[in-house]
Amino acid sequence: MNINESIVVVLTASAIFYGTPLIFAAVGELLAERSGVLNLGVEGMMLMGAVSAFWAVQHLAGPDWLVLLLATLIGGVVALATSLIHAVLSVGLRANQIVSGLAITIFAGVTGLSSYIGNVAHLGGQPALHEFTAVNVAGLSNAPVVGPILFHQNALVYASWAVVIVAWAYLYRTRTGLHLRAVGESPETADVMGVNVVRYRYLHTLAGGLLAGVAGAYYSLVITPSWIDGMTSGVGWIAIALVIFAFWRPELTLVGAYLFGLFSSMGFVLQARGVRLPPEVLSSLPYVMTVVVLVVVSTGWAKQRLGAPASLGTPYVREER
Amino acid sequence: MRFERRLTTPRWLVFVVPIGSLIAAFAAAAVVLLLAGKDPLATYARLFDRGYFAPGALTNTLITTTPLLLTGLAAAVAFRMRLWNIGAEGQLYLGAVGASGVGLALHGLPGPVIIPAMILAGLVTGAAWAIIAGLLRAYLNTNEIITTLMLNYVAGLLVTYLIFDSRSIWRDLSSFSARAFPQGKPLPDAASWPVLNIAPDPSFAVTVPFGFLVGIVVAVVVWFLYGSTSFGFDARVLGDSPSAARYAGIKTKRVVVLMMGLSGALAGLGGASEIGDFRHVLDPRGLQQAGFGYAGIVVAALARYNPFAVCVVAVLLGGLANAGYSLQGPDFPAGLVGVLQGMILFFALGGELLLRYRVTWSRQRAQSAAVPATGEAGAA
């Protein structure tokens, strides 16, 4: 038997495939949280990204790569616009960030605007006219073991690695990244240093929205190239949990995202191999494992040193510091 | 534009701001309708007609209102002490599972036995599901927002499993077609909750479901619990300042677990009412499409966590949701109700600012007003 068809290789490759949207969404949420803004609207923003990216591939004409690039960007920009509501409410108007983020998900989510757009534009039930497919990088897709895992993925998988590297370098190797961390840990100090706290919070909440939109586009352009109401099925919430597992460090989101990609893909792979289990048990794996890992991470040792940004969730009001 | 913190909030503002945010939300959603080429005024006219004024509309609205009222109270009791139980959705499913299970198991017994048993089962199963997250939060410091949410998805899959992929007591296996197309087993007639008919004159008749009356009683109990018991006091202290609560010797872990259980019990009761008042069968698709748990958060936030306001807001949003279901079609796409709910929540949140701060527009006036304000605060 070809080693590339062994269950370990197949599972690893599909863990990366299914984990990728989590990386985009989690790195985006991480940037927002590093500035002190908790955005619970990830699920809603992802669905806005998914529906608008799918609308774009159905209505734009051109070479595949150009249409897909534009569609992904449109998905990102629409989700960014959605996150602007959260930024205005929680940074500008000092509203409760938890309720405001929930409001984003109710407004844009399964029973909200994303579903409305899908209905009004008749997007449901159409096959995508353009979709991302796996690329054969440097002709290595058939190389044993590493071929299917590393060299035969779609373009967004490679983009997600770039996003992680850029986010890491930005946070730990640039002056603005240092300022960002200061804003999240102690906005008073950052303000005294001359950092514009409000501007940092706005911009990083918007960056989070952009990346959540790309994550959503991954669903409607890669995983199931179509539009289905609520197609992200809770991944936005898993992304928020992932930021906690990753101790707010971009490089660690890779580990968590692929672990959850593994849980998501395990169902399909096991079923294909004839393992008999109720489908609901397999579908509930990612959610149950999110709770389990969250419990493990939040009990003690790790939280002491690598905890959340100190100002996470609290509005900054200069007059009241 | 400048914000100055208010020392006291005028009483009239507490009423004006939520009403204003409702109006603003409808105005903003009108823009969404216009963009999609719909006539907002005609849409709203149909919405209100189908929600309240058409014959029989109010009766249907009250059926939709009942679970919303209970999930609204569930969110209100937890959110008021800053315990973010987003899991009313799953707790409601579990309540429906518990109540319908008891209703089916007690087949043959009279209503006065079955109905209290269903209520109790809904309370207990909802509370049990919520207490999972409550215990994790209290003893292992696990973020309850994420755990309650994840458990919503697990609860949804559990209900689906009971009807679609198992041979459980909830599933109808009596005929060949029921085995081929899975559906829930109907509850016995004695498990249907009673109704109260109000018909002051023949042209106007409303049927009030039993669950709605239970919900009103629960609202009074919640108000009493928060305002007049030492447990409610502990919960309020813990919500305002966890460290103060610890120093005061309040058993904070116990309060968190109990409050989570109470919140889950109320959501579970909502699920029981949905079975007893309306569905009389465990219907996974219907329960999940309704989204009562998430809508309850909108109810609680707009009511500013006040149990009596929750009753009023639930009727308002219940009418909206009821009209949304019955009008759904090409002229009234699904998703519009969620858009409206989201908008209402945005404006209610924005309106909070007006309650806490005085907004002044002119730079000059703001500066001259700010000086005595700080002086007063310092003197106080």
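## Two domains in chain B

Chain B is split by its domain assignment into domain 1 (1–36 + 336–380) and domain 2 (59–332); such bounds come from an automatic or database assignment. This is a predicted model, where local features need pLDDT of at least 70, side-chain atom pairs count only at pLDDT 80 or more, and totals for chains, interfaces and linings use all residues. Residues are numbered from 1 along each chain as its sequence is written, with chains lettered from A and ligands numbered from 1 in the order in which they are written.

The C-alpha centres of the two domains of chain B sit 31 Å apart. Eight residues from domain 1 of chain B and nine residues from domain 2 of chain B make the contact (two residues are in contact if their C-beta atoms, placed from the backbone, lie within 7 Å). On the domain 1 side, helix H15 (residues 336–356) of chain B gives the most, with seven residues. Helices here are DSSP runs of H or I, at least four residues, numbered from the N terminus. By class, that domain 1 side has seven nonpolar, one polar and no charged residues (Ala, Val, Leu, Ile, Met, Phe, Trp, Tyr, Cys and Pro count as nonpolar, Asp, Glu, Lys and Arg as charged, and the others, Gly among them, as polar).

## H11 and its partners

Next up is how helix H11 (residues 252–279) of chain B packs. Its axis comes within 8 Å of that of helix H3 (residues 57–80) of chain B, and the two cross at roughly 175 degrees (axes are lines fitted to C-alpha atoms over the stretch in contact, with angles from 0 to 180 degrees between N-to-C directions). That makes H3(B) roughly antiparallel to H11(B), the word for angles over 145 degrees. Contact residues include Leu70(B) and Ala74(B) of H3(B), plus Leu266(B) and Gly270(B) of H11(B). The tally for this contact is 14 nonpolar, five polar and two charged.

Helix H9 (residues 230–240) of chain B also meets H11(B): the axes come within 10 Å and cross at roughly 105 degrees. H9(B) is therefore roughly perpendicular to H11(B) (65 to 115 degrees). Asp234(B), Ala235(B) and Leu238(B) in H9(B) touch Thr252(B), Val255(B) and Met259(B) in H11(B).

## Where the chains meet

Chain A puts 41 residues into its contact with chain B, and chain B puts in 40. On the chain A side, H13(A) gives the most, with eleven residues. That side has 26 nonpolar, 13 polar and two charged residues.

Conventions: Angles under 35 degrees count as roughly parallel, over 145 as roughly antiparallel, 65 to 115 as roughly perpendicular and the rest as oblique.
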